[in-house]
Amino acid sequence: MDRFPLDDPRFPAAFLGLASAGVLAAALFFQFVLGYQPCILCLWQRVPYGAVMAFSVATLLFRQWKGLGDALLVASGFALLAGAGIAAYHVGVEQHWWAGTSACGATGGAPQTLEQMRAQVMAAPVTRCDEVAWSLFGVSMAGYNVVISLALAGFAFLAARAAYLRNSASRTFA
């Protein structure tokens with residue numbers, strides 16, 4: 001094999017898509033199997049992984065569009081950096097370094113009547129952004145998400161750089 005795996009954007013895109021699916025599967029496992037209800041910041045942290053999965057699928061489906069996969073690797077890197085930022089913000093809220101958003105602890109739509117509001121308040125589990133629901137070795141899920149998002153973003157940018165260098169070397173100047 002004379003090609004390095006990062007020379008083709010399909011390999012890193014597939015890796016990023018599978019890694020993102022794995023992170024989302026873990027989050028859903030914690031939510032639906034172990035019963036840890038996510039706060040609004042937890043839900044926001046899932047969005048970049050969904051975007052990366054969509055970019056991965058687009059890279060694999062439209063591989064004949066030269067340069068698209070490389071551009072989507074860069075987009076994946078930026079999406080993952082955004083996810084790391086959201087997760088870092090969440091860590092700060094958990095550590096009480098700063099206040100969370102006004103949506104922290106609030107879920108659901110606006111009730112129409114006082115009775116609907118009462119029923120919604122009584123039925124809704126309160127999930128606060130500033131409380132650590134689960135941690136391992138003193139690091140919360142948001143803390144682990146910072147590390148995972150940064151590592152995946154680094155991989156995405158490394159793969160995009162390899163693609164840029166590959167394309168630069170193949171250009172001829174006349």
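Which helix gives the most to the lining of the largest pocket? The answer is α1, with six residues. The model is predicted, so local features need pLDDT of at least 70 and side-chain atom pairs pLDDT 80 or more, while totals for chains, interfaces and linings use all residues. Residues are numbered from 1 along each chain as its sequence is written, and side-chain values use heavy atoms, without hydrogens or water.

The largest pocket holds about 620 Å³ of space. A pocket is an open set of points on a 1 Å grid over the protein atoms alone, where a 1.4 Å probe fits, with protein on both sides within 12 Å along at least five of seven lines. Its volume is the space filled by probe spheres set on the points. At least two lining residues come from each of α1, α2 (40-61), α3 (68-94) and α5 (141-170). Helices are DSSP runs (H or I) of at least four residues. By type, the lining has 18 nonpolar, seven polar and four charged residues.

Helix α1 spans residues 10-32 and includes L28. L28 is partly exposed because its relative accessibility is 39%, between the limits for buried (under 20%) and exposed (over 50%), with a 1.4 Å probe and protein chains only.

W134 lies in the loop between α4 (114-123) and β1 (135-136); strands are DSSP runs (E) of at least two residues. W134 is also partly exposed, at 24%. W134 and F30 are 104 residues apart in sequence, yet 9.4 Å apart in space, C-alpha to C-alpha.

Conventions. On a 1 Å grid over the protein atoms alone, a cavity is a set of points where a 1.4 Å probe fits but cannot get out, and a pocket is an open set with protein on both sides within 12 Å along at least five of seven lines; lining residues have an atom within 4 Å of a point. Ala, Val, Leu, Ile, Met, Phe, Trp, Tyr, Cys and Pro count as nonpolar, Asp, Glu, Lys and Arg as charged, and the others, Gly among them, as polar.
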